[in-house]
Amino acid sequence: MRAIQIVNLNGPESALELVERSEPGASHMLTPGRGVIVDVHAAGVSFPEVLQSRGMYQLKPELPFVPGSEVAGVVRSAPDGADVAPGDRVAAFCVLGGFAEVTVAPEHLCFRVGGELDDAQAAGLVLNYHTAYFALKVRGRLAEGETVLVHGAAGGVGTATLQVAKGLGARTIAVVSSDDKERVAQEAGADHVVRSDGPWKDQARELSEGGVDIVLDPVGGDRFTDSLRSLGEGGRVVVVGFTGGSIPEVKVNRLLLGNTEVVGAAWGAAALARAELSQEIGEAISGLIEGGFVRPIVGARFPLEQAAQALELIDGRGATGKVVLDVGR
Ligand SMILES: NC(=O)c1ccc[n+]([C@@H]2O[C@H](COP(=O)([O-])OP(=O)(O)OC[C@H]3O[C@@H](n4cnc5c(N)ncnc54)[C@H](OP(=O)(O)O)[C@@H]3O)[C@@H](O)[C@H]2O)c1
């Protein structure tokens, strides 16, 4: 099969190579449990692959390895009694190995998808939408009618969070850095869009009449203190990532004064360890797809052999929505 390998840690421009290699079997999973073999039609590309190409991600496989954490495709084989069967169209989270014509994913992270989503949209479903639901509902305890401020709102996690929050009955305020990204956040259904280089904290406090209930933060960096200041009484900042580059520190007196919280949300580790959690989130996301709330926004598509360009787009802060590789021949 054709696959993209990371062969060195010199970054997106030179770390990736297109190769022919043998197909993985069900026993080739990185994680414990039973594997489902998937014929890949499209692969989702995300920020972690950029970090992996520099050896800067927490998961550091031995070189060379096939990156790619999620795919859309058709089940070729599944263990007896699994929720999916050969021939099913699925969105699957495979951790690694997705930038290839065939991959293997844990059975509890394979989700049947219907005709509402095309292959590219399905390739952007699991990582971002499960993370959004986990961060908002499981970790952030989002309640209907609350207001959610979303940083990096035109990105993969950001657009997913806007849609899931809306589906859960929240009002949303998107924070973005450009006109183009403003349009994408609007397409994702944001109620309000504000600019990261403007007075977004004061705008958020005004729009939410006193402070937001949740800040969903995949960016980190300098804006963190203002995120805390934008919260209302009892508000929560949910920490999802650090695309801004630096890891903020919290002066905890700020939490005491407003009865606020900072909460971490690491979906991947929780999802791999807890099959019942993935099932619960999978059902909730299916409901949001049926309700018309969840429709992944695909910002750019590349053929498999141009995976490096896909990573460079994300690395240069130029990506909107989900970046996808078309894989099937
Ligand atoms: N915790 C979890 O379980 C989990 C799960 C999935 C992803 N993540 C993490 O979430 C983060 C976002 O992932 P994503 O797929 O949404 O990424 P993405 O599509 O590239 O979006 C990230 C956004 O971050 C903003 N940003 C601000 N400063 C940036 C900088 N210096 N470089 C690049 N982007 C910058 C950009 O928005 P503006 O230009 O509008 O500011 C960009 O749209 C990553 O760190 C990823 O590892 C965490």
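**Helix 3 and helix 10**

I began with how helix 3 and helix 10 lie in this predicted model: they are roughly perpendicular to each other, a label for angles of 65 to 115 degrees. Helix 3 spans residues 126-139 and helix 10 spans residues 275-290; their axes come within 10 Å and cross at roughly 105 degrees. The axes are lines fitted to C-alpha atoms over the stretch in contact, with angles running from 0 to 180 degrees between N-to-C directions. Helices here are DSSP runs of H or I with at least four residues, strands are E runs of at least two, and both are numbered from the N terminus.

I then looked up who meets whom: Tyr 129, His 130, Tyr 133 and Phe 134 from helix 3 meet Ile 281, Ala 284 and Ile 285 from helix 10. Contact is called when C-beta atoms, placed from the backbone, lie within 7 Å. I sorted this contact by class and got 6 nonpolar, 1 polar and no charged residues. Nonpolar covers Ala, Val, Leu, Ile, Met, Phe, Trp, Tyr, Cys and Pro; charged covers Asp, Glu, Lys and Arg; the others, Gly among them, are polar.

**A note on the ground rules**

Numbering starts from 1 along each chain as its sequence is written. As the model is predicted, local features need pLDDT of at least 70 and side-chain atom pairs count only at pLDDT 80 or more, while totals for chains, interfaces and linings use all residues.

**Strand 5**

Next I went to strand 5 (residues 89-93), where 4 of the 5 residues are buried, so the strand is largely enclosed by the rest of the structure. Buried takes 20 or more other C-beta atoms within 10 Å of a residue's own, exposed 12 or fewer, and partly exposed falls in between, with C-beta atoms placed from the backbone.

Strand 4 (residues 70-77) pairs with strand 5 in the antiparallel sense over 5 bridges, and Glu 70 stands opposite Phe 93. Strand 7 (residues 110-112) also pairs with strand 5 in the antiparallel sense, over 3 bridges; there Arg 112 is the bridge partner of Val 90. Pairing requires at least two DSSP bridges between the strands.

**Asp 222**

Finally I found Asp 222 in the loop between strand 11 (212-217) and helix 7 (224-229). Asp 222 counts as exposed because it has 11 C-beta neighbours inside 10 Å. From C-alpha to C-alpha, Asp 222 and Val 90 are 39 Å apart in space, and 132 residues apart in sequence.

Technical notes
Angles under 35 degrees count as roughly parallel, over 145 as roughly antiparallel, 65 to 115 as roughly perpendicular and the rest as oblique. Two residues are in contact if their C-beta atoms, placed from the backbone, lie within 7 Å.
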